[in-house]
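Student: I have a chain to go through before group meeting. Can you take me through it?

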Amino acid sequence: MTVWTDSFELVNMDMEENKSTERVNSPKKRKFLGIYFVCCNVYAQIYNNSGKYYEGRCPCCLRRLTVRIGKNGVKNRFFTAS
Ligand SMILES: [Zn+2]
């Protein structure tokens, strides 16, 4: 699994589920990642539009986030962008 970001660093990916108090739906059909943007203290989802990577923006400051997924995929659906 390879994770790249343009302007964020993803941290604590394995621990994130434990502290995610935000409402988390897990629709199995849509490909998205739940991202907690520390920059603005806001939760948002980013979507896999291209099939190759997830991309989205912080809804507040519009900083761009891109997450590339390795061939093994991701088991976690929740990340923190700090
Ligand atoms: Zn922000």
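Tutor: Below we go through confidence, layout, strand pairing, the core and a few loops.

Student: What kind of model is it, and what counts at which pLDDT?
Tutor: It is a predicted model, in which local features need pLDDT of at least 70, side-chain atom pairs count only at pLDDT 80 or more, and totals for chains, interfaces and linings use all residues. Residues are numbered from 1 along each chain as its sequence is written.

Student: And the mean pLDDT of the chain?
Tutor: The mean is 73, and 59% of the residues reach 70 or more. pLDDT is the predictor's confidence in each residue, from 0 to 100.

Student: How do S2 and S3 pair?
Tutor: They pair in the antiparallel sense over six bridges. Two strands pair if DSSP finds at least two bridges between them. Leu-33 has Ile-46 in S3 as its bridge partner.

Student: How does S2 run with strand S6?
Tutor: S2 and S6 (residues 78-81) run parallel, joined by four bridges. One of the pairs there is Gly-34 with Phe-78 in S6.

Student: And S4 with S5?
Tutor: Those two run antiparallel, with five bridges. Glu-55 stands opposite Thr-66 in S5.

Student: Which residues make up the largest nonpolar core?
Tutor: The core has eleven residues: Leu-33, Ile-35, Phe-37, Ile-46, Tyr-54, Cys-58, Leu-65, Val-67, Phe-78, Phe-79 and Ala-81. S2, S5 and S6 each supply at least two residues of this core. A nonpolar core is a set of buried Ala, Val, Leu, Ile, Met, Phe, Trp, Tyr and Cys residues joined through C-beta atoms within 7 Å.

Student: What cut-offs apply to "buried"?
Tutor: A residue is buried if 20 or more other C-beta atoms lie within 10 Å of its own, exposed if 12 or fewer, and partly exposed in between, with C-beta atoms placed from the backbone. Buried residues make up 18% of the 82 residues in the chain.

Student: Why is Ile-46 buried?
Tutor: Ile-46 is buried because 22 other C-beta atoms lie within 10 Å. Ile-46 sits in strand S3. Leaving aside neighbours within four places in sequence, Ile-46 is in contact with Phe-32, Leu-33, Ile-35, Tyr-54, Glu-55, Gly-56, Leu-65 and Val-67. Ile-46 and Phe-32 are 14 residues apart in sequence, with their C-alpha atoms 5.4 Å apart.

Student: What does Ile-35 touch?
Tutor: Not counting residues up to four places away, Ile-35 touches Ala-44, Gln-45, Ile-46, Gly-56, Leu-65, Phe-79 and Ala-81.

Student: Which residues are on the covered face of S5?
Tutor: Leu-65 and Val-67 form the covered face, while Arg-64, Thr-66 and Arg-68 form the uncovered one.

Student: Now the loops. Where is Asn-41?
Tutor: Asn-41 lies in the loop between strand S2 (32-37) and strand S3 (42-47). The hairpin of S2 and S3 has four residues between the strands, and Asn-41 takes a positive phi near 60° there. Most residues other than glycine have a negative phi. Asn-41 counts as exposed because it has 8 C-beta neighbours inside 10 Å.

Student: And what about Leu-62?
Tutor: Leu-62 is in the loop between strand S4 (53-57) and strand S5 (64-68). The hairpin of S4 and S5 has six residues between the strands, and Leu-62 has a positive phi near 65°. Leu-62 is exposed because it has 8 C-beta neighbours inside 10 Å.

Student: Last one: is Lys-71 buried or exposed?
Tutor: Lys-71 is exposed, since 6 other C-beta atoms lie within 10 Å. Lys-71 is placed in the loop between S5 and S6. The C-alpha atoms of Lys-71 and Lys-52, 19 residues apart along the chain, are separated by 9.6 Å.

Terms used: Contact = placed C-beta atoms within 7 Å.
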